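Hi,

Here is the structure I said I would pass on. Have a look at it first, and my notes on what turned up follow below.

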Amino acid sequence: MRRIVLVTAAAVLLLAGCSGAGDPGTNAGPSPSPSPVEVLPAVGACLTSGGTIAYADKADPVAKEAGCDTPHKLEVVGTGRFPDGAQVPGWGSGALRAAYAECGRAATAYLGADWHNGWLFLHIGRPSSADWAAGARGYVCGIAEFERTDWSAPAVARTGTLKGDLAPGGPGKVAQRCAALIGRDPDPQGFYDGASQKRADCATLHDAEYAGSIEQPDGVYPAYESQQAFVGKRCDALVASLLGLTPQALSRRRDVRGLFTYLDDQSEWQAGERSNRCYATVAQSHKIRASVKGLGTGPLPY
C-alpha cells in the first residue's frame, strides 16, 4: 500500500512507499500553495511512473495520468474519503483497514472476480500530512500487476485496461494459473514446505498451479501454527476441486500437495490483508508442462 498526493496545478501524483508504521507526512515532493485542491483520478484512469512502484518499498516516485493504451503501472478502481481525524490514518488504524477492505471490494467489482485471483497487489493512496492538515481526506484505490507473490516484486508496466479481466469469460490477462516455485531445501519427497511463486506459462516447465484463495477471520495477527490450522485443510479442498477429486481421493495421491502463501508481514495484516493464496504443487523432481485442472486420478503431465 502507498499514499498518493494530488496537486492540481500540474495534475501530478506523488507516490510514496509505505511499509510498517512510517509517517505518511514525510513526502519530499513539491508543496501546494497556498492550499491544495483535492482532485482524485476517475475510476478507470491509468497512472505511469518512471520510478519503482512496489508493495514493500519506501520510494517516492512521481506518477502522472496516462492513456491506458500506453505503458502504465497502476489502474484506479475506486476512491473514497477517510473520516476526519487529527492525522492521516496509519498502519493498524481502523480507518485504514476500512479503506483497504473497501478498495478490495472495489477491485473485485472492477475485475469481475476476487482480485486475489490475479497477479496483482492493492495500492492505497493517502494524503500527505500537510494536505491532511489543509483538509484533504480522499484516498485512491489502485491495482498493480506483478510477477511474484512475495510482495517485494515491483509493479510491471503494462498496456490496456484490466476492467472485467477476471470475470467469467473475460480475457484473464492477469489471472493466476501456473507458477514456478522459488524456495529452498525441499523435503525428502521433493516438495517445498514454503516458497514464493513466480508466474509461468502452463505449457512450460513448472511446479505449481493456482487453486484459489482463503480468507482468514479478522482478529489478532495469527502465528504460522494458527494459519496452518485454519488454511491447511481448506487449501487441500481447493486443490482437490481443481483436480476434480474429493479431499479423501487427493490424500491418496502422493504426487500432488497443497501449498499456501503465509501472511508473514504483520504490517500487511494490520493494513487489512486477510487472504492466503493456495496452490497445487508437484515435487521438484517431477515438474510438469500442462495444467492439472480436471486431472482426477490420472498421471501427471510430465
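To read the notes on cysteine links, take a disulfide to be a pair of cysteine sulfur atoms within 2.5 Å. Keep in mind that this is a predicted model.

**The disulfides**

With that cut-off, the count is four disulfides. If you number the bonded cysteines in sequence order, they pair as 1-2, 3-4, 5-6, 7-8.

Cys 103 is bonded to Cys 141, with an S to S distance of 2.0 Å. The torsion about that S-S bond is -65 degrees, and the link is left-handed. Cys 103 sits in helix H1 (residues 94-111) and Cys 141 in strand S7 (residues 138-145), so this pair ties together parts that are 38 residues apart in sequence. Cys 103 counts as buried, at 0% relative accessibility, and Cys 141 is buried too, with a relative accessible area of 2%.

Next, Cys 46 is joined to Cys 68, again by a disulfide with S to S 2.0 Å. Here the torsion about the S-S bond is about 95 degrees, so the disulfide is right-handed. Cys 46 belongs to strand S3 (residues 46-49), while Cys 68 is in the loop between strand S4 (62-66) and strand S5 (74-81), so the link ties together parts 22 residues apart in sequence. Both Cys 46 and Cys 68 are buried.

Then there is the disulfide of Cys 235 and Cys 278, whose sulfur atoms are 2.0 Å apart. Its S-S torsion is about 85 degrees, so this disulfide is right-handed. Cys 235 lies in helix H3 (residues 224-243) and Cys 278 in strand S12 (residues 275-281), so the bond ties together parts that are 43 residues apart in sequence. Relative accessibility is 1% for Cys 235, which counts as buried, and 0% for Cys 278, which is buried as well.

Nonpolar side chains tend to be buried together in soluble globular proteins. In this model the largest nonpolar core has 38 residues, and those with the most contacts inside it are Val 77, Leu 111, Trp 115, Leu 122 and Ile 143. S5, H1, strand S6 (120-125) and S7 each supply at least two of its residues. H1 gives the largest share, with eight residues.

Which residues does Val 77 touch? Leaving out residues up to four places away in sequence, Val 77 touches Val 43, Cys 103, Ala 106, Ala 107, Tyr 110, Cys 141, Gly 142 and Ile 143. Both cysteines of the left-handed link, Cys 103 and Cys 141, are among those neighbours of Val 77.

There is also a second, separate core of 19 residues, which includes Val 231, Cys 235, Val 239 and Leu 242.

**Strand S6**

S6 is mostly covered, with six of its six residues buried. In a regular strand the side chains alternate between the two faces of the sheet. For S6, Leu 120, Leu 122 and Ile 124 are on one side, and Phe 121, His 123 and Gly 125 on the other, and all of them are buried. S6 runs antiparallel to S7, and six bridges join the two. Ile 124 stands opposite Cys 141 in S7.

**The five-stranded sheet**

Five strands make an open sheet in the order S9-S8-S10-S12-S11, with antiparallel pairing. Strand S9 (195-200) and strand S11 (257-260) are the edge strands, each pairing on one side only. On average, neighbouring strands here are turned by 45 degrees against each other, direction ignored.

Strand S8 (residues 178-183) pairs with S9 in the antiparallel sense over six bridges. Cys 178 has Ala 200 as its bridge partner in S9. H3 lies across strand S10 (208-215), S11 and S12, and runs at about 130 degrees to S10.

The chain has a mean pLDDT of 85, and 85% of its residues reach 70 or more.

Cheers

Technical notes. Residues are numbered from 1 along each chain as its sequence is written. This is a predicted model: local features need pLDDT of at least 70, side-chain atom pairs count only at pLDDT 80 or more; totals for chains, interfaces and linings use all residues. Side-chain values use heavy atoms; hydrogens and water are left out. Helices (H or I, at least four residues) and strands (E, at least two) are DSSP runs, numbered from the N terminus. Buried means under 20% relative accessible area, exposed over 50%, partly exposed in between (1.4 Å probe, protein chains only). A nonpolar core is a set of buried Ala, Val, Leu, Ile, Met, Phe, Trp, Tyr and Cys residues joined through side-chain atoms within 4.5 Å. Contact means heavy atoms within 4.5 Å. Two strands pair if DSSP finds at least two bridges between them. Axes are lines fitted to C-alpha atoms, for helices over the stretch in contact, and angles run from 0 to 180 degrees between N-to-C directions. pLDDT is the predictor's confidence in each residue, from 0 to 100.
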